[in-house]
Structure formats: structure tokens, C-alpha cells
Amino acid sequence: MKRLLGVALGILTAIGGFVDIGDLVTNAVVGSRFGLSLAWVVVVGVVGICLFANMSGRVAAVSGRATFEVIRERMGPRAGLANLTASFLINLMTVTAEIGGIALALQLASGVSYMLWVPFALIAVWLVIWRVKFSIMENVTGLVGLSLVVFAVALFLLKPDWGSLASQALNPSIPSGEGSGVYWYYAIALFGAAMTPYEVFFFSSGAVEERWKVKDLVQSRVNVLLGFPLGGFLSLAIAACAAVVLLPAGISVTTLSQVALPVIQAGGQLALAVLILGVVAATFGAALETTLSSGYTLAQFFGWSWGKFRRPAEAARFHVAMIVVLLAGVAVLATGVDPILVTEYSVVFSAIALPLTYLPILIVANDPQYMGKHVNGRAVNIVALIYLVIILVASVAAIPLMIATGAGA
Amino acid sequence: MSKAKPIPAQDIKPAPRPAGLVLDAQLHLLDRQILDVDGVPVTTVDDVELSGPAPDEPIPEGAEAPHITGLLTGPVLGTRIFGGRPPSSRFIRIPWDMVAGVDTVVSLGVRANSLDASWVERWMRDQVIAKIPGGRHDPE
């Protein structure tokens, strides 16, 4: 019974933890402009994140080594440092976007400008990182984040034409009035939002934090293989809500309140309250994960002591690094830059940086010195290689498309 | 100036297999994580110190093969990436006697706090982290 509860808890937190500000904004933007014609990208992205989260979790459980230790060890200091720089900057962008997301959700709840909520969000995130146990942090934000199911409920209440939604999703075509360049630019953004590299840093470091052993691999696989696809369904529900309400009205999403419009229309104030709770939990959880991820990447590259299972004094540089990252994120927000804009760029840059993390993981997952008999099977490797090609194409195409389309304008 | 006579390729004998543990410096040592006896990360391996004749000295016949005398670490990433050689004062040495094992990590038989290599960590702890309330408590 206790074991079953553990499994259920793991799945639920994986669902609630899947959606972050990147998924929220990108899915709503895409739904409001392209309907469900990019739904296939979410499916491709979810399969990809399942594959690589599983692989990095397995590497961490079997060898006890988290992603960035492996990256430095296998790529050497030069390529490793270049990788660290890129990953760290994108992570910082994501931290900024998530803290902005918390503040925007609180603005939606209170009417007080988000700028005034930013310091509050900063202190709350830091306090949790400083004092709260890893498992409690994960479970609480994941479970409360489940309130985002309100998007799926709202979709039913809106009584959409299911046939037309299904045909948009199953026979994707570029809507009239949108160029093919823009379509593919948003395809990459959506792919980057689903497969954000920080999830892999976080997942592998989290496996070390929670002291996974080989016998825990089955449970982690169940969490990932059930939780992430269900999280993907939440992403699709966000896009579908936007497709049903915002697309016909000609509203393209530029603010968080527009993301909430379909939910308000379907369920009124109560639904909005649940939505805000869900958005705060999801962005707060993701702010914790990205802040920790930047600490993890730095500490693992330089060989510092790290981890929330230690007292802060026993992982001093790790904690100093995270304080600096949080302050840097808030400094970026203090310039008045629009957090939604930061989010939109962060998901595209995530897509650009994907090969940097996935290739080393794939190599080490095949290295018997690290993995013993738990190396990748042939089927996993075939799928992983197909994904490597997709990731490389998305990564190479992203910047030209960004320039050609004026970042999807 | 007389040139050394080249040795024909077929006369080069394969190196004799040395006794003891054989490690590939690049593959098994450089950039590996070093953990202390309690499993606490200390640093990474940046260079390896070898015994043997000093550079530019003739090697006497039958001299003992060089062996590892220590692992080197320290703020030397710059020269490792851009080339050149840092002043040797920059290196922090971990004597090879302290190494308890080499696997996917290099494990030491001593505590991190007893090592020079962890002075930055100690400094950050004492000057910054320990001064913030709760810094010495377990997370709850």
C-alpha cells in the first residue's frame, strides 16, 4: 500500500511538475495562432523528454554521477566549459522567466503590479531552497501544480467542436495568414518548451539527491512514462483552450491574463482562482528547479560539494552560486523587460542548446565503464539516434528562423 | 652535427606491461570528480604529477619507469583551455598516498576539510554561508 502511494505520488508530481511558464505561454501563443495544428510537436517533445529523462536518471542511479560531471569528464575542460556557459545562460533566462511568471500570476490575483511581487517571489524561492527538504519541495509544488487540470476542465465546459479540434491536430496544416517560416519557428519553440534541458540536469541531480539505486529505476520509469505524457495532455489542453476561444476572436497571446481568458469564460471566478493557484505552483516549482539546476551545473562542473540533502554550510559554494543566480534573474526583471518575452526567447534558446546536453548523456548511457550491464538497449539507442537528428535539425534551424521571421512576429 | 640513426619500425618492441594498476590519464584521471572518504565532492583532477628524471636531463640506462606521485588541482582551467603553463604555485597537490581508489570517481581516504584543495569551500562557508541564519541546519 505504501509503495502504491509512493508510485501515485510520483506520477502526480511528475504531471504537476511538467508544466512551467514556458509550456504555459508557448502553448497558449501557439493555440491562439495555429489552433491545434502544432499538437504533433508536443507529442514529439513529450516522447523525447521521456526518453532522455529516463536515460539521465538511469545514468545517475547506476553510476551515481549527475549530468554535468559526466559532461566535463567526457568532453574535457574546453568543450565542457563552452557547454556550461551556454547551459548556464539559458538556465538563467529560464530562472528569470519563472520568477516573472510567479509575479505575473500574483498580479493577476491581486491587481498589484508584478514588479512589486518580484522581490517577494525571490525571497520565497530562496527560503525554500535554503531550508526545505528536497522531497517536500517536489511533492508540494507538484501536487498543487495539478490545479492546472482546470485547463482540461475548462475545455470540456467550453463545449468545443471536438471533430474540428481533432482534425486540426491529426491533419496539421499551416493556417491561412501565417507563413511557413513562422509555423516552423513556433514548432521549435514548442519543442524547446517540452524538452527544456534544465529538466535533464534536474532529473539526474534529483536522482542523486534522493539516493536512487538500481532497484528504484522501475518506479522512476513509471513516474516518467505516465507522468510526463499526462503533463503533455495538460499542455495540449492549454493550446486547445486558446484555439477554441482566442483564435476565433483574433487575440494573439502577449500577456498571462490572455492565457487565462478561456478558463474565465468557461468557469468564471472560481476557475480563475484555481488557475492562479496552479500557475503560482507550477512557476514556483519550476523556479526552484531551474535555480537548483544552475547550482547543480556549476558545482558538478567545478567539482564542488552540492545537494539539498546537505546542510548549506556543507555545500557553501553551491548555495552562494544559487543566491547569485537568483539576484541576477531579479536584476534582469528590474530592467522592466517583459517576462513573457523572456519566456518566449528562453524556450527557443533551450531548443538551440539541446544537443549539448543530450549527446553526452547518450554517449555515457552506452559506456559499460559507467553503466555496467545497464547500458542502453538497441531499441532505446535507435529511438535516441532518431531524436538526436531531430534535436540537431531543430537546433541548427532555430537561429536562421528566428532572424527570418523576426522571432515569430 | 650527427643525426641519430632512425630505428626501423619492426625493431621497436612493444612496451612491457607494468606491474600494478594501469590508468589512462586522459580517460581515467583528468577531469574526474574527487570525493573524500565520506563521499563529499572535493574538486576535479586538473593534472597529474609524475616521478622520474627532471626535464632536459639524460635518462640513465635501466631507470625506473615514472609513476604517479600526486594529483594536481587548483585554478588552472584557463591554461588548460587556452594553452600555456600556469606557475606551479597555482597548483594544489593531493599526494597519491591519499587516493583510496579510482573508479568513475577518484576517492580519497581522508576528509575534505583536512585538504588544502578545499580552502575556497571552507572560506565561503565561514565568511558567507555560516553567517546567514539556518546555514548550519539540516533542511526540514
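Predicted model: local features only at pLDDT ≥ 70, side-chain atom pairs only at ≥ 80, totals over all residues.
**Entry 1: α4 and α13 of chain A**

I began with helix α4 (residues 67–110) of chain A and helix α13 (residues 316–334) of chain A, which pack at an angle of about 65 degrees with their axes 9 Å apart. That angle makes α4(A) roughly perpendicular to α13(A), and I noted that their crossing is right-handed. On the α4(A) side I listed A:Leu92, A:Val95, A:Thr96, A:Ile99 and A:Gly100 as the residues that make the contact, and on the α13(A) side A:Val325, A:Ala328, A:Gly329, A:Val330, A:Val332 and A:Leu333. Sorted by class, this contact holds 8 nonpolar and 3 polar residues, with no charged ones.

**Entry 2: α5 of chain A**

I then checked the length of helix α5 (residues 114–131) of chain A: its 18 residues, at 1.5 Å a residue, should span 26 Å, and the end C-alpha atoms lie 25 Å apart, which agrees.

**Entry 3: α3 and α11 of chain A**

Next I turned to helix α3 (residues 39–63) of chain A and helix α11 (residues 217–249) of chain A, whose axes are 9 Å apart and which pack at an angle of about 155 degrees. An angle over 145 degrees counts as roughly antiparallel, and α3(A) and α11(A) are therefore described in that way; α3(A) passes α11(A) in a right-handed crossing. The residues of α3(A) that make the contact include A:Val42, A:Val46, A:Ile49, A:Cys50, A:Asn54 and A:Arg58, while those of α11(A) include A:Leu217, A:Arg221, A:Leu225, A:Phe228, A:Pro229 and A:Leu236. By class I recorded 15 nonpolar, 5 polar and 2 charged residues for the contact of α3(A) with α11(A).

**Entry 4: α14 and α16 of chain A**

I looked up another helix pair in chain A, helix α14 (residues 339–364) and α16(A), which pack at an angle of about 150 degrees with their axes 8 Å apart. α14(A) and α16(A) are therefore roughly antiparallel to each other, and their crossing is left-handed. From α14(A) the contact takes in residues including A:Val348, A:Ile352, A:Pro355, A:Tyr358 and A:Leu362, and from α16(A) residues including A:Leu388, A:Ile391, A:Ser395, A:Ile399 and A:Met402. The class count here is 16 nonpolar residues and 1 polar, with no charged residue.

**Entry 5: where chain A touches chain B**

How many residues of chain A are in contact with chain B? I noted 27 residues of chain A in contact with 27 residues of chain B. On the side of chain A that touches chain B, α4, α5 and α13 each supply at least two residues, and the largest share, 7 residues, comes from α4(A). The residues of that side of chain A divide into 12 nonpolar, 5 polar and 10 charged.

On the chain B side I followed B:Arg80, which lies in helix α2 (residues 77–82) of chain B. B:Arg80 is partly exposed, with 18 other C-beta atoms within 10 Å. Leaving out residues up to four places away in sequence, B:Arg80 touches A:Pro77 and B:Asp46. B:Asp46 is 34 residues from B:Arg80 in sequence, and the two are 8.1 Å apart in space, C-alpha to C-alpha.

**Entry 6: positive phi values in chain A**

I finished with backbone angles, bearing in mind that most residues other than glycine have a negative phi. A:Lys159, which is not a glycine, has a positive phi of about 45 degrees, and I located A:Lys159 in the loop between α7 (150–157) and α8 (162–170) of chain A. Is A:Lys159 buried or exposed? With 9 C-beta neighbours inside 10 Å, A:Lys159 counts as exposed.

A:Ala407 also has a positive phi, near 55 degrees, and lies in the segment after α16 (378–405) of chain A. With 15 C-beta neighbours inside 10 Å, A:Ala407 counts as partly exposed.

How values were computed
Residues numbered from 1 in each chain as written. Chains lettered and ligands numbered in written order. Axes fitted to C-alpha atoms, helices over the stretch in contact; angles between N-to-C directions. Helix = DSSP H or I, 4+ residues; strand = E, 2+ residues; numbered from the N terminus. Parallel < 35°, antiparallel > 145°, perpendicular 65-115°, else oblique. Left-handed = near helix turned anticlockwise from the far one by under 90°. Contact = placed C-beta atoms within 7 Å. Nonpolar A, V, L, I, M, F, W, Y, C, P; charged D, E, K, R; others polar. Expected span 1.5 Å × (residues − 1). Buried ≥ 20, exposed ≤ 12 C-beta atoms within 10 Å, placed from the backbone.
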